[in-house]
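Let's take a walk through a protein together, one step at a time.

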Amino acid sequence: MNYVYVAFKVRKKALREAIEGVRALNMRGVNVTIPHKISVLSFLDWLDENAEKIGAVNTIVVDEGVLRGYNTDGVGGLKALVEEGVNVEGMKVVLLGAGGAARALAYTFAPLASEIVILNRTVRKALSLASELEREGWNARGGGLSESVLGRELRDADLLVNATSVGMHPNVEESPVPSNLLRSDMAVFDIVYNPVETRLLRDARRVGAKTVDGVGMLVNQGAIAFKLWTGVEPPRDVMREAVVKALHGGRSK
Ligand code: NAP
């Protein structure tokens, strides 16, 4: 295929020019990552409904000079769970975090789950995301990340999702959840992919819980973007292999 995928470091102040460059150079599209996922919205011509609600874009497609914004994180996360045999439908989901990735997952999981509880260090952001979801007609609540709230909410949770950056390299010994609150009959999904097995996943594996690492979501969100640009379904197993290799031979299922 006549494409190349390359990385550009874009300064915050130069984002407008960078995006105009994407149009001017007639690129097929780009991925957008931290810290530009939210600020890029104002430079686009069209937003996918999902990206508009989430308020963040990770994929831009250029169609005859028209810049279209999408967010593939949520669906990528859901696909990763499905691939591991975890069906969110009817589950009580406890989602940790209220940043860009958490918002994408919240909008994807909330319509399927029986209830979704958003817990975040900055409580205001959790409450505000939960109210948005409620306004859509979904069963959602928000709260803080304290041990007592975690204990109460995790007692009957079916799926715990970590969408905070806690446990990410270099703070690999940190976990957002004390290990005594994890149970064997819950599934634990950590979207952090560096390291592949985070402290949270290690603790969850030790109590016998079903665990899903962040590599599947990373691969799937990328695969969906690839299809948006090229119309071609990429080989996900090849992508996964390349990701795991790049993450220094980290352990992954
Ligand atoms: P973000 O928008 O900056 O959000 C970060 C979130 O983490 C916020 O909820 C923040 O809480 C919380 N947080 C950060 N440090 C914390 C701490 N010490 N204690 C408690 N909470 C803390 O970032 P993001 O884009 O959502 O990314 C979050 C993580 O997901 C990153 O590790 C990223 O690599 C990973 N990610 C993975 C994939 C994948 O494909 N697997 C995709 C996207 C992101 P406050 O609101 O209180 O600051």
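Before we look at any strands side by side, here is a term to know: two strands pair if DSSP finds at least two bridges between them. Keep in mind, too, that this is a predicted model.

With that in hand, find strand S9, which covers residues 187-190. How many bridges join S9 to strand S10 (residues 210-212)? There are three, and the two strands run parallel. At this pairing, Ala187 stands opposite Lys210 in S10. S9 also has a partner in strand S8 (residues 159-162): four bridges join S8 to S9, and these strands run parallel.

How does the chain get from S9 to S10? Follow it through helix H7 (residues 199-207): S9, H7 and S10 make a right-handed β-α-β unit.

Now look at the side chains of S9. In a regular strand the side chains alternate between the two faces of the sheet. You can see this in S9, where Ala187 and Phe189 point one way, while Val188 and Asp190 point the other way. Are these four residues buried or exposed? All are buried.

Next, let's visit the ligand. There are 23 residues around the ligand, and those that come nearest are Ala101, Asn120, Thr122, Lys125 and Ile191. Sorted by class, the shell has twelve nonpolar, eight polar and three charged residues.

An oxygen atom of the ligand lies 2.8 Å from a polar backbone atom of Ala101. The side chain of Arg121 has an N or O atom 2.9 Å from an oxygen atom of the ligand. Leu218 takes part through its backbone, with a polar atom 3.1 Å from a ligand oxygen atom. How much of the ligand does the protein bury? Taken alone, the ligand exposes 920 Å², and the protein buries 78% of that. Which elements give two or more residues to the shell around the ligand? They are helix H4 (100-109) and helix H8 (215-230).

Our last stop is Tyr70, in strand S4 (residues 66-70). Why does Tyr70 count as buried? The cut-off for buried is under 20% relative accessible area, and Tyr70 counts as buried because its relative accessibility is 17%. From here, look across to Phe8, which is 62 residues from Tyr70 along the chain. The C-alpha atoms of Tyr70 and Phe8 are separated by 19 Å.

Methods
Residues are numbered from 1 along each chain as its sequence is written. This is a predicted model: local features need pLDDT of at least 70, side-chain atom pairs count only at pLDDT 80 or more; totals for chains, interfaces and linings use all residues. Side-chain values use heavy atoms; hydrogens and water are left out. A residue is near a molecule or strand if one of its heavy atoms lies within 4 Å of it. A polar contact is a pair of N or O atoms within 3.5 Å; within protein, one must be able to donate a hydrogen and the other to accept it, and residues adjacent in sequence count only if both atoms are side-chain atoms. Accessible areas come from the Shrake-Rupley method with a 1.4 Å probe; for residues, only the protein chains shown count as cover. Ala, Val, Leu, Ile, Met, Phe, Trp, Tyr, Cys and Pro count as nonpolar, Asp, Glu, Lys and Arg as charged, and the others, Gly among them, as polar. Buried means under 20% relative accessible area, exposed over 50%, partly exposed in between (1.4 Å probe, protein chains only). A crossover is right-handed if, with the strands pointing away from the viewer, the path from the first strand over the helix to the second runs clockwise.
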